[in-house]
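I open this page of the notebook to set down what I looked up, one topic at a time. The sequence and the structure come first, and my entries follow.

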Amino acid sequence: MEFAKRVSWLEDTSMVEAFDHQDAPGMISFAAGIPSAETYPLDRIRESFDRVISEHGKQALSYCSTLGYLGLREIMSERMKNKFGIEYGTDEIIMTSGSQQGLDMSGMAFIDPGDVVLFESPSYLGAVSALHSYQASLVGVPTDEEGLTIEGVRAALEKYSGRVRLIYVNPDFQNPTGRSWSDNRRREFMEFISDYDIPVLEDAAYGELAFNEVPQKPLAYYDKKGQVIYVGTFSKIFCPGMRVAWLCARNRIMDKYLVIKSAADLSSSTISQWEIADFLRHNDIEKHIEGITSLYSHRCDVMAEGIKKYFPPEVTFRKPAGGIFIWLSLPAGKDARVLYKKSCDAGVAFIPGTSFYPNADVHNELRLNFSNTTDEESDRGLKILGRVTEEFLSE
Ligand SMILES: Cc1ncc(COP(=O)(O)O)c(C=O)c1O
């Protein structure tokens, strides 16, 4: 018997599977984009919880305003200014239940069935799914080494004239490719798009995970007319289990988000927000992030070395300068979904690149996560995957 509405995007279970692999006994998983649990500052989190419960327990365990706990929004407003040079008032920041909720709410805010959303191609699967669920027509725009191409955006805007309602981008150490937009392209894109009244949804999930350089300026920094909706998250710089993230938008847009958020869950978890605010007041979060990036930078080196050592030379990749993913290309015509099955049988999981293309027939790429495997697991897993890949390519 058929209980649920059946739509084709519900059949792509790659993201759910990615999380399942993480817990499968004996499996080495390069699949899910999970931060390393060893970076979670457990003792200091416990201290914060103790302080919050003993000093503000009754407020912290109540409902809070739909925008979120004001104390945390004040900190975020300061932080957006000091770290990225962008001024947002506390009423231009809404705390969300993970940035995934911010992406989903954006679909609700802007998309009617059949409206067009422009995406980088490939793009983050979770955003693709969220926007798909509002029956958006997803149009991939070509990218080059510097980001979304202006010619690509121009061509799509001409082709779908009057129908494009949203542009979704992930400009820093992108999920899945690990690539970042250049400063030039950020500036150029914002200048170009300011001629259109189309909101730009900037997903900055990995924006603070630069290995050696200072984080780049977000697109929101170059936004002169308030068309960027900036989505940041504590998941990658603190811990995802808090489910606390923030969405910044100028007032006229924020009104929509307020109504949607209120209907979705009234507000995000009050206690999680108080906990994070206390943590930020008593700890140096920038120092904490430096610890995370130095661990990930090392793990990225280990993975890149392993790929060079164990994979056939026809497999190409570019080492990222931040984030948590390495993107590999197999020779044209080779299907990473077939490799995936063989690799899982051999005890190693990854995500085939096909899942990240909303509407293109590209099958020869794959995404490997490096943040969540020890050096030993990474080496062992890559040795197996390299061997399986070599056999697969010679078939
Ligand atoms: C690019 C990107 N955006 C958003 C998210 C959602 O993260 P969260 O809801 O934990 O903030 C993820 C999760 O992996 C991601 O990779």
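With which residue does E286 form a salt bridge, and how far apart are the closest N and O atoms? I found that the partner of E286 is R79, with 3.1 Å between the closest N and O atoms, a salt bridge being a side-chain nitrogen of Lys or Arg within 4 Å of a carboxyl oxygen of Asp or Glu. Because E286 belongs to helix α10 (residues 285-310) and R79 to helix α3 (residues 70-84), the pair ties together parts that are 207 residues apart in sequence. Helices here are DSSP runs of H or I with at least four residues, strands are runs of E with at least two, and both are numbered from the N terminus.

Before going further I noted the terms of the model: it is a predicted one, in which local features need pLDDT of at least 70 and side-chain atom pairs count only at pLDDT 80 or more, whereas totals for chains, interfaces and linings use all residues. Residues are numbered from 1 along each chain as its sequence is written, and side-chain values use heavy atoms, with hydrogens and water left out.

Entry on accessibility of the first pair. I classed residues by relative accessible area, with buried meaning under 20%, exposed over 50% and partly exposed in between (1.4 Å probe, protein chains only). R79 counts as buried at 8% relative accessibility, whereas E286, at 30%, counts as partly exposed.

My search of the whole structure returned 25 salt bridges. In one of them the side chains of R318 and E145 meet at 3.3 Å, N to O. This pair links distant parts of the chain, 173 residues apart, since R318 sits in the loop between β11 (316-317) and β12 (325-329) and E145 in the loop between β5 (143-144) and β6 (147-148). R318 is exposed, with a relative accessible area of 55%, and E145 is partly exposed at 43%.

I also looked up D301 and K319, whose side chains meet in a salt bridge of 2.6 Å, N to O. D301 is in helix α10 and K319 in the loop between β11 and β12, 18 residues apart. Both are partly exposed, D301 at 33% relative accessibility and K319 at 44%. Salt bridges that share partners join R79, K83, E208 and E286 into one network.

Entry on the ligand. Which residues come nearest to the ligand? Of the 13 residues around it, I list S99, D203, Y206, T233 and S235 as the nearest, a residue being near if one of its heavy atoms lies within 4 Å. An N or O atom in the side chain of S99 is 2.7 Å from an oxygen atom of the ligand, and one in the side chain of D203 is 2.6 Å from a nitrogen atom of the ligand. For T233, a polar side-chain atom lies 2.6 Å from a ligand oxygen atom. Helix α4 (residues 98-110) gives the largest share of the shell, three residues.

Entry on helix α11 (residues 336-345). Its buried residues are A336, L339, Y340, S343 and C344. They lie on the same side of α11 because they cover an arc of only 130° around the axis, the arc being that of the directions from the helix axis to the C-beta atoms. K341 and D345 are the exposed residues on the face of α11 turned away from its buried side. Just after α11, I noted that G347 takes a positive phi of about 95°.

Technical notes
A polar contact is a pair of N or O atoms within 3.5 Å; within protein, one must be able to donate a hydrogen and the other to accept it, and residues adjacent in sequence count only if both atoms are side-chain atoms.
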